[in-house]
Every structure is written in C-alpha cells, then in structure tokens.
Amino acid sequence: MDQKTQSCLSLAEHLKTLRFDQGLSLQALAEKSGVSRATLSRIENADVSPTAETLGRLASAFALPLSQLLAPLEPSFLPLIRYDKQNVWSDLEKGFARRVVSPPSRQLKLEVIECSIEPHQRIAYDRPAFTGHEHHLLMLAGSLTITVDGVSYNLNSGDCLRYQLRGASLFETSDLPARYIIAMT
C-alpha cells in the first residue's frame, strides 16, 4: 500500500473516530458542518479525499485546528520530526499542499504549517475551527491575496500577516504560485 493510500485510510479512520467520540451521527455531522451525508460517508470509507474547504468545515464542526483534524494525535511527544516523516496532505483539485512541520503534540499549542498553492486558485473557508484562532502567515515565495473578516491583504515574498480568525477567510493566487508558512496557536 502506498503512502497516499495509507494517509487517506488514516484520515478516514480518524474522522470517523472523532465523530463517534462526539456522539454524532453522519446526519448530525452533515447538519453541523454543511457537508452532505453522502460525502461524509465517502470520506469516512476512504473512497474520496476531502477538499480543503470540506476539511475547513469539518474542523469547524469538531472545533479543532485543521492540523489536529488531518493527523491522528500521537500518544507521546517526540521533539524531532524529520522532513520525510512530516505529514503532507494535498488537495489536487485546488493545487494545494499542506505540510505539518511541527512534531505532533497534545500538550503544546503552537503549530507550524508549510503550505503551497498553485497559480489561479481560490480556497474559501466559511468559518474558523474556533473563534479567535491566531495565525502568523509568512510568505516564502510568490504572491497571495488573503481576505480575513472582509479585509483583503496582498502578500509577497517576505511579507508577514498576523491575524485572528473570527469569520470567513479566502486565499487566492494570481499568476504566481504561493508558498508560505503559518504559525498558529
């Protein structure tokens, strides 16, 4: 079994476990997240990989940061995670890749995520996982327009935007791809 298939199966099992742990039926999670019951079933059966927007809705429904939604929590803290062992999730439809740089930990709050988005893409999140989620976005290369709470910011290489999520957010690329790091607490 290749790593992509294993990753999809792990995510499916993790999402199903989260739903069971919160005592939610598929229908209740569909109502809470705005994701159809059929789509949730296909995700939990590892028939499809969720899009970035779908993951955002599920993170909000479970009130978890996206990184905790994407990777099952490790039983113990390991302070070092090698590059080739860092969890990478991709939304091929949106040309979006998300690498969890920080070693997984239930005890520590700060997380560092490296992201890349291909040119001419638009990724919209209806709401944050939880209100007030703090982000520090550092552009490494390319350009990105991010809209937070109705205010748009055009970012280029080296720019850093610090914000708290309270409502919808939108990430848009133009002719250039975007590569950036988000540190979040």
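Ala 46 is found in the loop between α3 and α4, and its phi is near 60°, a positive value in a residue other than glycine. By helices I mean DSSP runs of H or I with at least four residues, by strands runs of E with at least two, both numbered from the N terminus. This is a predicted model, in which local features need pLDDT of at least 70 and side-chain atom pairs count only at pLDDT 80 or more, while totals for chains, interfaces and linings use all residues. Residues are numbered from 1 along each chain as its sequence is written, and side-chain values use heavy atoms, with hydrogens and water left out.

Ala 63 follows α4 and sits in the loop between α4 and α5 (66-70). Phi of Ala 63 is near 55°, again a positive value in a residue other than glycine. At 45% relative accessibility, Ala 63 counts as partly exposed; buried is under 20% relative accessible area, exposed is over 50%, and partly exposed is in between, with a 1.4 Å probe and protein chains only.

Now α4 itself. Ten of its eleven residues are buried, so α4 is largely enclosed by the rest of the structure. Among the buried ones are Ala 52, Glu 53, Leu 58 and Phe 62.

How does α4 meet α2? Two packed helices are described by the angle between their axes and the distance between the axes. The axes of α2 (residues 26-33) and α4 (residues 52-62) come within 9 Å and cross at roughly 105°. That makes α2 roughly perpendicular to α4. For the angle classes, under 35 degrees is roughly parallel, over 145 roughly antiparallel, 65 to 115 roughly perpendicular, and the rest oblique. The axes are lines fitted to C-alpha atoms, for helices over the stretch in contact, and angles run from 0 to 180 degrees between N-to-C directions.

From α2 the contact takes Leu 29, Lys 32 and Ser 33, and from α4 it takes Arg 57, Leu 58, Ala 61 and Phe 62; contact means heavy atoms within 4.5 Å. These residues divide into four nonpolar, one polar and two charged. Here Ala, Val, Leu, Ile, Met, Phe, Trp, Tyr, Cys and Pro count as nonpolar, Asp, Glu, Lys and Arg as charged, and the others, Gly among them, as polar.

Next, the cavities. The structure holds two of 30 Å³ or more. On a 1 Å grid over the protein atoms alone, a cavity is a set of points where a 1.4 Å probe fits but cannot get out, and lining residues have an atom within 4 Å of a point. Grid points are joined across faces, edges and corners, and a volume is the space filled by probe spheres set on the points.

The largest cavity has a volume of about 310 Å³. Of its 23 lining residues, Leu 66, Arg 98, Tyr 125, His 135 and Leu 165 lie nearest its centre. The lining divides into 17 nonpolar, four polar and two charged.

The second largest cavity holds about 40 Å³ of space. Its lining includes Leu 29, Leu 58 and Phe 62. Which helix gives the most to this lining? It is α3, with three residues.

Last, Thr 131, in the loop between β4 and β5. Thr 131 is exposed, with a relative accessible area of 59%. Thr 131 touches Leu 165 and Arg 166, not counting residues up to four places away in sequence.

Methods:
On a 1 Å grid over the protein atoms alone, a cavity is a set of points where a 1.4 Å probe fits but cannot get out, and a pocket is an open set with protein on both sides within 12 Å along at least five of seven lines; lining residues have an atom within 4 Å of a point.
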